[in-house]
Amino acid sequence: MDQNKIKVTICTGTTCYILGGSNYLLLNLSIPEALRERVEISGSPCMGFCQEEGGMEKTPCLKIGEELYTGLSLEEAVKKIIEATSSIEKFAPTPKESSL
Ligand code: FES
């Protein structure tokens with residue numbers, strides 16, 4: 001994985017899909033175009049959270065980096081992704097630093 005990309009993993013399990021996760025299929029188109037190359041979106045089979053006690057409240061779920069988010073709308077997920085990409089830009093080496 002590219003260190004300068006935010007990895008977004010969408011749960012594509014049936015429970016998440018039915019309970020709102022199908023909207024996450026629009027994530028790539030909903031992220032501002034300028035940020036799309038900084039984000040790597042992939043799917044995952046059921047992440048298992050829906051099977052825990054109270055798990056239905058944890059759907060739909062997705063991970064942004066290693067952080068788990070549950071019950072986010074598409075708009076909220078996009079906002080979190082934008083925040084995540086701005087944090088890697090904050091810590092990314094400047095061209096001068098990276099050439100050392
Ligand atoms: S279907 Fe998403 S956690 Fe199970």
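Ala84 is found in helix 3, where helices (H or I, at least four residues) and strands (E, at least two) are DSSP runs numbered from the N terminus. The model is predicted, so to speak of local features a pLDDT of at least 70 is needed, side-chain atom pairs count only at pLDDT 80 or more, and totals for chains, interfaces and linings use all residues. Residues are numbered from 1 along each chain as its sequence is written.

With 19 C-beta neighbours inside 10 Å, Ala84 counts as partly exposed; a residue is called buried if 20 or more other C-beta atoms lie within 10 Å of its own, exposed if 12 or fewer, and partly exposed in between, with C-beta atoms placed from the backbone. Not counting residues up to four places away in sequence, Ala84 touches Ile6, Ile64 and Gly65, a contact being a pair of residues whose C-beta atoms, placed from the backbone, lie within 7 Å. Ala84 and Arg38 are 46 residues apart in sequence, and their C-alpha atoms are 10.0 Å apart in space.

Turning to the overall layout, the protein has four helices and four strands. Read from the N terminus on, the elements follow the order β-α-α-β-β-β-α-α. Of the 100 residues in the protein, 21% are buried. Among contacts between residues at least 6 apart in sequence, 69% join residues at least 24 apart.

The four strands form an open sheet in the order 2-1-3-4, with mixed pairing; two strands pair if DSSP finds at least two bridges between them. Strand 2 (39-44) and strand 4 (67-70) are the edge strands, and each pairs on one side only. On average, neighbouring strands of this sheet are turned by 20 degrees against each other, direction ignored; here axes are lines fitted to C-alpha atoms, for helices over the stretch in contact, and angles run from 0 to 180 degrees between N-to-C directions.

Strand 1 (residues 6-11) and strand 3 (residues 61-64) run antiparallel and are joined by three bridges. Within this pair, Thr9 stands opposite Lys63 of strand 3, and Ile10 stands opposite Leu62. On to the next pair: strand 3 and strand 4 also run antiparallel, joined by four bridges. Here Leu62 has Tyr69 of strand 4 as its bridge partner, while Cys61 stands opposite Thr70. Strand 3 and strand 4 form a hairpin with two residues between them, and Gly65 in the turn has a positive phi of about 65 degrees.

Leaving aside neighbours within four places in sequence, Ile10 is in contact with Gly21, Tyr24, Ile41, Gly43, Ser44 and Leu62.

Two further strand residues round out the picture. Lys7 has its place in strand 1 and is partly exposed, because 15 other C-beta atoms lie within 10 Å. Lys7 and Gly65 are 58 residues apart in sequence, yet their C-alpha atoms are 5.1 Å apart in space. Glu67 lies in strand 4 and is exposed, because 9 other C-beta atoms lie within 10 Å. Glu67 and Thr9 are 58 residues apart along the chain, and 10.0 Å separates their C-alpha atoms.

Terms used: Two residues are in contact if their C-beta atoms, placed from the backbone, lie within 7 Å.
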